[in-house]
Amino acid sequence: MQKIWIVLLCLFYGLTQISCQSNEEKALRDRLSRTEITNKVPKYLSSAVINEYQQAELAINRKYIKEVNSIVSENFEEKLEEFEENELGFFVGYKHMFKVLANSDEELADYWNLKTSKYFSNQSTQEKLHEAYANYNSDVQQLRNQISKSPKCKSIPKEVKFNLPSQEISLGKMNQHSYLNIAIEFGTDLAVWLLIMLIVAIISMFFVWSGPPAWVVTVITIIASIGLSMYNDNRMIDSIREQYQENIEIDNNNILEELDKSTNIFYDYIAKH
Amino acid sequence: MKKTVNYFTLIVMVFISMTMQSCSKGEAERRAEYSQIVERKSASDAMNELYIAADGEIESLARMLQATPSVINRIRTGETSPTEDFEEKYKEVLVYYNLNDRSFSKLQSALDVEYDWYDSVLNFPSHHPVLFWGINIILFLLLCWYLIIILGYIYLAEIILFAVAWVAMLICSPGQMEDKYTDSINPVIEQKL
């Protein structure tokens, strides 16, 4: 009886220690998250220091433009990847097979139009561009705040609204893709059995052979149907990729010129004051 | 097992195509009419209609529109107005919702990435009532008249499938959505009035 009490006491002590430790960790995390970065702004700045900061900001401008380029150029492939992940595959494949059989052509057209505007609109691209600008703005302001407390630190060119042309992507071929999946699901069984029967018939003309066991045929059927489904999915992806026209051109030079101009104006002002 | 599933699915699919192919009468007119009605709605009214349809599932609605709950709330209360592209997008979604028996789960099935296989299973009777009850009644009659015991196993499999789907739904419910725009507006899809 006494032993049980000792064990319970030890357990209780252990639990309190664990919870105390986690409280301490929590307090430490809170303290760290409250820490504010305060910069001491120097009173006198040499032209060399100003020049160094100016070069750093010009580098940030170039980094931002590079990021914009990469967002615009890689976005279609990302969208395609998202579409592939969500709309192609085993369970979704079955769902679409039911869909093409159960719905009329008009209903299917509505359905695929909805999917097109979900996966291939410019909304996500615009959001990424906005996020890139927000990061750029914050980086530049942090850099400027290290050497100045002037309100001019905030005078950064406004976000450029990129006029991205909408891509005319049609998912109409998804109907054909789903019908082909139905044919693969049911046709593969038949085709494999017929092929095996033919092979067995030919071989048994020369040797005594009753054919492979049924499970072997089933495995071959499953492998064949998976392979054909994957081939069908890849064909669908390629057909969407073919529709994409890489005609998005952004006037980066003008934007970079504007950013650099703003940077130079700010550092000229700092140098004079 | 796979073969049995395949043949059962084939029977189901043939049944679907037999029962459902004749449903598209007057659909084009209906779509045009609904599009006009939705087009005339104000931006906040259209969003409110989707909000009511979602019946509390605002995160699901946000996922479908690729927005966040706070953006949806601001637009529906008129605090901000949507950009032209975004308004066009959610009005298209609203037309689809109206055309599909005003069923939010059908909308989820089409657009929500978190709508999983178990949702498809659990919503199958409501999405395809003719098919579901038709097959079950035929199976029941065959079971009663010809005492085909194997049909009883199909019922059992059906019950097990629904139970598994229900448990999966409880376990795999989506986590809370990250909302980056609670303090500021998302200028890509909304603007200050």
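Biologist: Where does A:N75 sit in chain A?

Modeller: In this predicted model, A:N75 belongs to helix α2, residues 47-87 of chain A.

Biologist: Why is A:N75 called buried?

Modeller: Its relative accessibility is 3%, and buried means under 20%, so A:N75 counts as buried.

Biologist: Which residues does A:N75 touch, leaving out those up to four places away in sequence?

Modeller: Those are A:S70, A:S124, A:T125 and A:K128.

Biologist: Which residues make the contact between α2(A) and α7(A)?

Modeller: From α2(A) come A:F76, A:E77, A:L80, A:F83 and A:E84, while α7(A) supplies A:I237, A:I240 and A:R241. Sorted by class, five are nonpolar, three are charged and none is polar.

Biologist: Now to chain B. What is the phi of B:D55?

Modeller: B:D55 has a positive phi of about 50°, although it is not a glycine. This residue is in the loop between α3 (43-54) and α4 (58-65) of chain B.

Biologist: How do you know that B:D55 counts as exposed?

Modeller: Exposed means over 50%, and B:D55 has 65% relative accessibility, so it counts as exposed.

Biologist: And why is B:D101 called exposed?

Modeller: With a cut-off of over 50%, its 56% relative accessibility makes B:D101 count as exposed. B:D101 lies in the loop between α6 (84-99) and α7 (104-111) of chain B, and has a positive phi of about 60° without being a glycine.

Notes: Residues numbered from 1 in each chain as written. Chains lettered and ligands numbered in written order. Predicted model: local features only at pLDDT ≥ 70, side-chain atom pairs only at ≥ 80, totals over all residues. Heavy atoms only, no water. Helix = DSSP H or I, 4+ residues; strand = E, 2+ residues; numbered from the N terminus. Buried < 20%, exposed > 50% of the residue type's maximum accessible area, 1.4 Å probe, protein only. Contact = heavy atoms within 4.5 Å. Nonpolar A, V, L, I, M, F, W, Y, C, P; charged D, E, K, R; others polar.
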